[in-house]
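The questions below concern one protein model and are answered from its coordinates.

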Amino acid sequence: MDYKVTSVTAEQTKNWGRYLAAYLLPGDVLALIGDLGAGKTAFAQGIGEGLGVTRPMASPTYTLIHEYEGQCQGTQIHLVHMDLYRLQHPHEAEVIGVEESFSGDSICLIEWPEIAEDYLPENRLDVNIFGSGEQPREIVFHVNEGNWEQRITAMIHSKEGKLGGS
């Protein structure tokens, strides 16, 4: 099932990430999908802020994986932020240990997850961000399985209209 929201600024895109952070649980995996400049990193930064990450979060384009410490539902967690843009073959995802990041004490954000599709858990949230440049963004939360549907519905209903766009 898909849930759509609109963001007209980079700050609103970041805010949607911040709002979603309140509904995340240890062990969650999020696939962040979108073109270059769509706002995947801004969304991830919002999640980091919402989870209490204090270090600046930059895109891990060249290092592939960055890890941060945060809090989720009162529990200390690792926030793992991956950018798989530079991978050329699916087996490289296995080599760098993508699956090792899917643990109960981590929340994993994956930019450019398409290359690692075979390694991703079914119980994940796909976040598709459409638009680039100065265009408004359409953020589509695609629920695969698990209890994501009730969490996304609760987030949207609690925050709808509070961003200067819904």
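Q: How do the residues of the lining of the largest pocket divide into nonpolar, polar and charged?
A: This is a predicted model, in which local features need pLDDT of at least 70 and side-chain atom pairs count only at pLDDT 80 or more, while totals for chains, interfaces and linings use all residues. Residues are numbered from 1 along each chain as its sequence is written, and side-chain values use heavy atoms, with hydrogens and water left out. Ala, Val, Leu, Ile, Met, Phe, Trp, Tyr, Cys and Pro count as nonpolar, Asp, Glu, Lys and Arg as charged, and the others, Gly among them, as polar. On that scheme the lining divides into four nonpolar, seven polar and two charged.

Q: Which residues lie nearest the centre of the largest pocket?
A: A pocket is an open set of points on a 1 Å grid over the protein atoms alone, where a 1.4 Å probe fits, with protein on both sides within 12 Å along at least five of seven lines; lining residues have an atom within 4 Å of a point. The largest pocket is lined by 13 residues. Those nearest its centre are Thr-9, Ala-10, Gly-133, Gln-135 and Arg-137.

Q: Why is H1 described as largely enclosed by the rest of the structure?
A: Helices (H or I, at least four residues) and strands (E, at least two) are DSSP runs, numbered from the N terminus. Buried means under 20% relative accessible area, exposed over 50%, and partly exposed in between (1.4 Å probe, protein chains only). Among the buried residues of H1 are Trp-16, Tyr-19 and Leu-20. H1 is largely enclosed because its buried residues number nine of the twelve.

Q: Which residue in E4 stands opposite Tyr-68?
A: Two strands pair if DSSP finds at least two bridges between them. E3 (residues 65-72) and E4 (residues 75-83) pair in the antiparallel sense over eight bridges. Opposite Tyr-68 stands Leu-79.

Q: Is Phe-130 buried, partly exposed or exposed?
A: Phe-130 lies in strand E6 and touches Pro-136, Arg-137, Glu-138 and Val-140, not counting residues up to four places away in sequence; contact means heavy atoms within 4.5 Å. Its relative accessibility is 44%, so Phe-130 counts as partly exposed.
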